[in-house]
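Please keep the sequence and the model in view while reading.

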Amino acid sequence: MHEDLVGLAENHSQKINGVQRFFLKLDYVIPRSTIDAVDDWQYELRQLWAKTPVPPIKLTYGSARLANNVDCIVYPVCIYYVQRAVYLCAYGESPQKDTNWYNFRLDRIRSLVALEWTDSKLPSNLQQQYQQKSLPNPDDIALEMSFAWGFDFYLPSQLMLLRFDRQFCDRYVKGTERHDTFEEITYQQVQRLIQREIKQPQQQDLLKVLAKRSETDAYYQARIRYQDNEHRDNNLVMRLRAWQPKVEVLTPWDLRQSFAVDAATQFMLYQN
């Protein structure tokens, strides 16, 4: 929770003259049928974190992307509430076995079993971190999230360039906090960033697009967590979609193309 919001909650958590004046409403998409299980996993993790050393665990996880249950052996680092759900940030194996880190949604955990550090089934990267006494901690995650916008902090960092309708931007975007790297830049700065960081042939295509846009529009840059359209931070994508049609994604190029396809598909739905 943002430190300013924590202060607000602390100052107004008690009733004033018998009347409750402060309310906090959080979106929470966890199905009611799994709320008890989520509470149980949080309790079990709390018990594990009280041990020295904290043990690795074996998760059976219901992966939405794989549409199947998969086993992952990981070191549990911390819990985050982010964008409507509670996640376990863990190091070791991901469901697709393609990264060392993964954010596991607690309501999709089917089972959780503590293991020993001597277990031969531990993945090599996890064994190495333990032997070198360099297991990750929550500060490592917070640092990575400060470098680029997106909760999937283990994905590569890429430049994102956005163009906003000026009036919309001035009313709803300008002056708000999104991420440390999210900042307004000039039309000329956009040109230079495209020339410096975007490879051909996308560079030339983007410069042609930019030449058709107004210098009086609002332009923003940020670093985001994005690898490709299969490996991207969906919470960030949902934020961009919420701004449509008042925002245009210039880069990353693949993300821009996917938004174009989505817009064409949506147009056909409303045409019929």
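In which sense do strand β6 and β8 pair, and over how many bridges? Strand β6 (residues 157-164) pairs with β8 in the antiparallel sense, over eight bridges. The model in which this pairing is seen is a predicted one, and the sections below set the pairing in its surroundings.

## Overall make-up

The secondary structure of the protein comes to nine helices and ten strands. Taken along the principal axes, the box filled by the C-alpha atoms is roughly 60 × 60 × 45 Å. Of the 272 residues in the protein, 42% are buried.

## Strand β8 and its partners

Strand β8 covers residues 218-228, and because eight of its eleven residues are buried, the strand is largely enclosed by the rest of the structure. In its antiparallel pairing with β6, Arg225 of β8 is the bridge partner of Ser157. Strand β7 (residues 183-185) also pairs with β8 in the antiparallel sense, in this case over three bridges, and Ile185 stands opposite Tyr219 in β8.

A further pairing joins β8 to strand β9 (residues 231-232), again in the antiparallel sense and over two bridges. Asp228 stands opposite His231 in β9, and the two strands, β8 and β9, form a hairpin with two residues between them.

How many of the eight residues of strand β3 (residues 85-92) are buried? Eight of the eight are buried, so strand β3 is largely enclosed by the rest of the structure. In a regular strand the side chains alternate between the two faces of the sheet.

Strand β3 pairs with β2 in the antiparallel sense over eight bridges, and Tyr87 in β3 is the bridge partner of Tyr80. The strands β2 and β3 form a hairpin with two residues between them, and Gln83 in the turn has a positive phi of about 45 degrees. Strand β3 is also joined to strand β4 (residues 101-105) by five bridges, the two strands running antiparallel; here the bridge partner of Tyr87 is Arg105 in β4.

## Salt bridges

A search of the whole structure finds 14 salt bridges. One of them is formed by the side chains of Asp71 and Lys58, which meet at 3.8 Å, N to O. This pair links distant parts of the chain, with Asp71 in strand β2 (residues 68-82) and Lys58 in strand β1 (residues 57-63), 13 residues apart. Asp71 is partly exposed, with a relative accessible area of 37%, and Lys58 is partly exposed as well, with a relative accessible area of 30%.

The side chains of Arg163 and Asp217 meet in a salt bridge at 2.8 Å, N to O. Arg163 lies in strand β6 and Asp217 in the loop between α7 (202-211) and β8, so that this pair links distant parts of the chain, 54 residues apart. Arg213 forms a salt bridge with Glu248, the closest N and O atoms being 2.9 Å apart. Because Arg213 lies in the loop between α7 and β8 while Glu248 lies in strand β10 (residues 247-251), the pair ties together parts that are 35 residues apart in sequence. Arg213 is partly exposed, with a relative accessible area of 26%, whereas Glu248 is buried, with a relative accessible area of 11%. Through salt bridges that share partners, Arg163, Arg213, Asp217, Glu248 and Arg256 are joined into one network.

## A negative surface patch

Which residues form the negative surface patch? The patch is formed by Asp36, Asp39, Asp40 and Glu44. Of these, Asp40 is found in helix α2 (residues 35-49). Asp40 is partly exposed, with a relative accessible area of 46%.

Definitions and conventions:
Residues numbered from 1 in each chain as written. Predicted model: local features only at pLDDT ≥ 70, side-chain atom pairs only at ≥ 80, totals over all residues. Heavy atoms only, no water. Patch = residues over 30% accessible without salt bridge, like charges linked within 9 Å, V, L, I, M, F, W, Y side chains within 5 Å. Areas by Shrake-Rupley, 256 points an atom, 1.4 Å probe, with all protein chains shown as cover. Salt bridge = Lys/Arg side-chain N within 4 Å of Asp/Glu carboxyl O. Lys, Arg positive; Asp, Glu negative; His and termini not counted. Charge placed at Lys NZ, Arg CZ, Asp CG, Glu CD. Helix = DSSP H or I, 4+ residues; strand = E, 2+ residues; numbered from the N terminus. Buried < 20%, exposed > 50% of the residue type's maximum accessible area, 1.4 Å probe, protein only. Pairing = 2+ DSSP bridges.
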